[in-house]
Amino acid sequence: MRNSLLARTDICICICVPARTPYTLQHFNNLKAAFAYECPCGRQCLGRVKECHADDALTVLYDHRRLLRDKAKKGKGGLRDEVRRIYQEHFDGSTHIFTHNFVIGRVGDMCDRAFAVGSSLSEATYVRERCLRASL
């Protein structure tokens with residue numbers, strides 16, 4: 001009986017990045033997956049963040065996500081409204097497209113979908129919401 005309880009216990013491995021930002025293995029895998037994302041614009045926007053920041057790229061993306069969530073907690077509408085505010089700033093009403101000037105870390109000129117994935121939003125959710133808004 002005791003062995004079965006031990007087998008069910010989840011183990012949380014903490015990877016510490018130079019005394020600044022500890023994140024769990026789950027965060028680590030999600031961040032690595034974000035860097036592997038191939039955006040439809042074909043410019044590998046998140047890959048450029050990884051190239052620009054080299055060894056510190058995971059921490060830069062993690063900090064971007066953490067700061068976004070911290071801003072959302074301070075605001076009145078939560079994460080959804082914070083993300084909407086950011087996207088409204090980058091939307092050109094005359095052409096009905098987003099500008100390519102989203103920024104993560106020191107890398108600008110990112111497409112809207114790469115910024116969504118980099119901000120820990122799923123691409124499917126982003127596309128679904130974008131299509132719903134376009135049809136209204």
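In this report Ala, Val, Leu, Ile, Met, Phe, Trp, Tyr, Cys and Pro count as nonpolar, Asp, Glu, Lys and Arg as charged, and the others, Gly among them, as polar. The structure described is a predicted model.

**The second largest pocket**

By these classes, the lining of the second largest pocket comprises eight nonpolar, four polar and three charged residues. The pocket has a volume of about 280 Å³, and 15 residues line it. Nearest its centre lie H64, K71, V103, I104 and F115. Two or more lining residues are given by each of α4 (57–74), α5 (78–89) and β5 (102–104). Which of these elements provides the largest share of the lining? That share, six residues, comes from α4.

**Packing of helix α4**

Helix α4 packs against α5 and also against α2, which spans residues 25–36. The geometry of the two pairs is set out below.

| Helix pair | Angle between axes | Axis separation |
|---|---|---|
| α4 and α5 | about 110° | 8 Å |
| α2 and α4 | about 100° | 10 Å |

Angles of 65 to 115 degrees count as roughly perpendicular. The helices α4 and α5 are therefore roughly perpendicular to each other, and α2 and α4 are likewise roughly perpendicular.

The crossing in which α4 passes α5 is right-handed. On the α4 side, this contact involves L68, R69, K71 and A72, which meet G78, L79, E82, V83 and I86 of α5. The contact of α4 with α5 contains five nonpolar residues, one polar residue and three charged residues.

Turning to α2 and α4, α2 contributes H27, F28, N30, L31, K32, A34 and F35 to the contact, while α4 contributes A57, L58, L61, Y62 and R65. This contact divides into eight nonpolar, two polar and two charged residues.

Methods
Residues are numbered from 1 along each chain as its sequence is written. This is a predicted model: local features need pLDDT of at least 70, side-chain atom pairs count only at pLDDT 80 or more; totals for chains, interfaces and linings use all residues. Side-chain values use heavy atoms; hydrogens and water are left out. On a 1 Å grid over the protein atoms alone, a cavity is a set of points where a 1.4 Å probe fits but cannot get out, and a pocket is an open set with protein on both sides within 12 Å along at least five of seven lines; lining residues have an atom within 4 Å of a point. Grid points are joined across faces, edges and corners, and a volume is the space filled by probe spheres set on the points. Helices (H or I, at least four residues) and strands (E, at least two) are DSSP runs, numbered from the N terminus. Axes are lines fitted to C-alpha atoms, for helices over the stretch in contact, and angles run from 0 to 180 degrees between N-to-C directions. Angles under 35 degrees count as roughly parallel, over 145 as roughly antiparallel, 65 to 115 as roughly perpendicular and the rest as oblique. A crossing is left-handed if the near helix is turned anticlockwise from the far one by less than a right angle, and right-handed if clockwise. Contact means heavy atoms within 4.5 Å.
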